[in-house]
Amino acid sequence: MCNTCGCNVTDGNRHLLAPAPNQRVLGNSPARILNGLLEHNDRQAGLNRARLAAEGVLTINLMSSPGSGKTALLEATIRQLGGRLRVAVIEGDLETENDADRIRALGIPAHQITTGTACHLDAHLVQGALDRLDLSKLDVLFIENVGNLVCPASFDLGHHRNVTLLSVTEGDDKPAKYPVMFRAADLMLLTKTDLLPYLTEFSPERAEDCLRKLASRSPVMPVSAKTGDGMADWLDWLDGEVDHYRQLRQSGATQRPRVQSEGRTLHATTGPEIVFKPVGFSPLSA
Amino acid sequence: MHELSLCQNLIDQLNALVRQHGALAVSRVEVQAGPLSGVEPQLLETAFLMAREGTVAANAELFIESPAPRVACPDCGTESTVTANNLTCPQCGSVDTTLTGGHELILARVELISEQDPQTS
């Protein structure tokens with residue numbers, strides 16, 4: 001879908017598609033040439049991260065397939081926290097305010113981003129959502145990304161941690177099928193575990209094994225938002241991340257997702273090799 | 001994923017290279033896109049066919065190389081070629097490997113059509 005319909009063009013990045021004749025700098029490295037769009041996104045993500053740091057808001061990006069229980073997890077989390085941490089939610093969907101309404105019903109501030117046709121959130125869209133929230137009154141901001149196991153993994157939003165959900169109604173080999181997404185996970189939650197007795201073909205061990213094969217030591221936690229099983233471990237992880245983020249912030253540092261912190265600079269080289277062909281040369285006749 | 005936007009950025013850059021070198025058009029573009037770059041070569045090709053219409057690259061062919069993922073192992077000190085969904089060390093089984101290849105997204109080589117060869121003039 002994304003290759004042909006331009007569904008990655010969002011209100012947040014549409015302006016990048018217009019020609020900007022005076023902005024091109026010749027001599028860019030090839031990585032920067034092809035990463036141009038992502039670089040612009042990454043710049044905005046950096047600004048978002050600095051803004052969140054100024055207010056001390058730990059920001060967690062929730063990613064998964066559609067229907068794996070992201071909103072249900074947030075509802076259960078908000079109920080169990082009982083106001084212990086000040087929380088807000090940014091919801092990303094193609095259409096409707098449904099998810100934000102569910103969060104607001106619990107008395108928690110929520111901003112819904114409707115992306116239209118775009119299959120992921122980007123840093124510019126999140127910037128707009130940050131404008132609508134009072135960050136000074138928050139400890140934790142959850143960003144519920146558009147349900148999609150492909151595109152969201154490639155866009156830094158300025159967040160600090162990636163949490164990827166895998167529901168037991170999906171295949172336990174999802175990490176092997178979507179390595180870019182699951183490699184980015186700082187925590188993998190196996191959700192809807194109350195259904196495990198009925199879904200004997202799903203093996204939590206196999207799911208974890210698939211994650212380990214991506215050279216990831218990220219924790220794996222089973223949770224059921226419905227019964228509350230495993231919620232304590234998830235909340236412990238969250239508390240640990242809040243504490244760690246506060247410590248980092250006191251020393252002037254910030255937190256980044258594990259994989260994105262590797263950076264995209266690995267491939268910076270000197271520029272593409274340029275070869276000249278005479279007029280009349282046609283690749284078809286070559 | 002975002003292959004069409006990447007191609008539109010690529011076309012912008014090709015425009016800049018054509019202007020910089022006083023060339024007439026682009027005849028060939030070579031890109032490296034590894035399996036872990038988040039870019040699907042086939043989708044990139046399709047997107048390029050759309051994006052090149054009416055541009056300096058209208059008649060250019062796109063060649064995409066997809067370098068295999070490689071990992072360096074801190075435990076046994078080896079570097080190995082692996083597959084995208086198994087990045088553990090094939091020598092010792094370590095999970096603590098570092099990705100050294102396979103996530104490239106590089107414009108490697110561009111052929112420009114030029115009235116005179118700037119290298120000999």
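A residue is taken as buried if 20 or more other C-beta atoms lie within 10 Å of its own, as exposed if 12 or fewer do, and as partly exposed in between, with C-beta atoms placed from the backbone. By this criterion, buried residues make up 51% of the 121 residues in chain B and 47% of the 286 residues in chain A. The structure is a predicted model, in which local features need pLDDT of at least 70 and side-chain atom pairs count only at pLDDT 80 or more, while totals for chains, interfaces and linings use all residues. Residues are numbered from 1 along each chain as its sequence is written, and chains are lettered from A and ligands numbered from 1 in the order in which they are written.

Chain B contains 2 helices and 6 strands, where helices (H or I, at least four residues) and strands (E, at least two) are DSSP runs numbered from the N terminus. The order of these elements from the N terminus is α-β-α-β-β-β-β-β. Chain B is more spread out than a compact globule, because its radius of gyration is 18 Å, well over the 14 Å that the globule rule gives for 121 residues. The radius is taken over C-alpha atoms, and the rule is 2.2 Å times the number of residues to the power 0.38. The C-alpha trace of chain B spans about 55 × 35 × 15 Å along its principal axes.

Contacts were assigned to pairs of residues whose C-beta atoms, placed from the backbone, lie within 7 Å. Of the contacts in chain B with a separation of 6 or more, 68% are between residues 24 or more positions apart. For chain A the corresponding share is 76%.

In chain B, helix α1 (residues 3–20) packs on helix α2 (residues 41–51) at an angle of about 50 degrees, and the axes are 8 Å apart. Axes are lines fitted to C-alpha atoms, for helices over the stretch in contact, and angles run from 0 to 180 degrees between N-to-C directions. α1(B) and α2(B) are therefore oblique to each other, given that angles under 35 degrees count as roughly parallel, over 145 as roughly antiparallel, 65 to 115 as roughly perpendicular and the rest as oblique. The crossing of α1(B) and α2(B) is right-handed, that is, the near helix is turned clockwise from the far one by less than a right angle (anticlockwise for left-handed). On α1(B) the contact involves Glu3(B), Leu4(B), Leu6(B), Cys7(B), Gln8(B) and Ile11(B), and on α2(B) Leu43(B), Leu44(B), Ala47(B), Phe48(B), Met50(B) and Ala51(B). These residues comprise 10 nonpolar, 1 polar and 1 charged (nonpolar: Ala, Val, Leu, Ile, Met, Phe, Trp, Tyr, Cys and Pro; charged: Asp, Glu, Lys and Arg; polar: the others, Gly among them).

Chain A has 10 helices and 8 strands. Most residues other than glycine have a negative phi. Lys192(A), in the loop between β6 (187–191) and α9 (204–212) of chain A, has a positive phi near 60 degrees. Lys192(A) counts as buried because it has 24 C-beta neighbours inside 10 Å. Ala215(A), in the loop between α9 and β7 (220–222) of chain A, also has a positive phi, of about 60 degrees. Ala215(A) is buried, with 21 other C-beta atoms within 10 Å.

Trp234(A) is placed in helix α10 (residues 231–250) of chain A and is buried, with 22 other C-beta atoms within 10 Å. Leaving aside residues up to four places away in sequence, Trp234(A) touches Leu189(A), Met221(A) and Val223(A). Trp234(A) and His124(A), 110 residues apart in sequence, are 29 Å apart in space, C-alpha to C-alpha.

How values were computed: Two residues are in contact if their C-beta atoms, placed from the backbone, lie within 7 Å.
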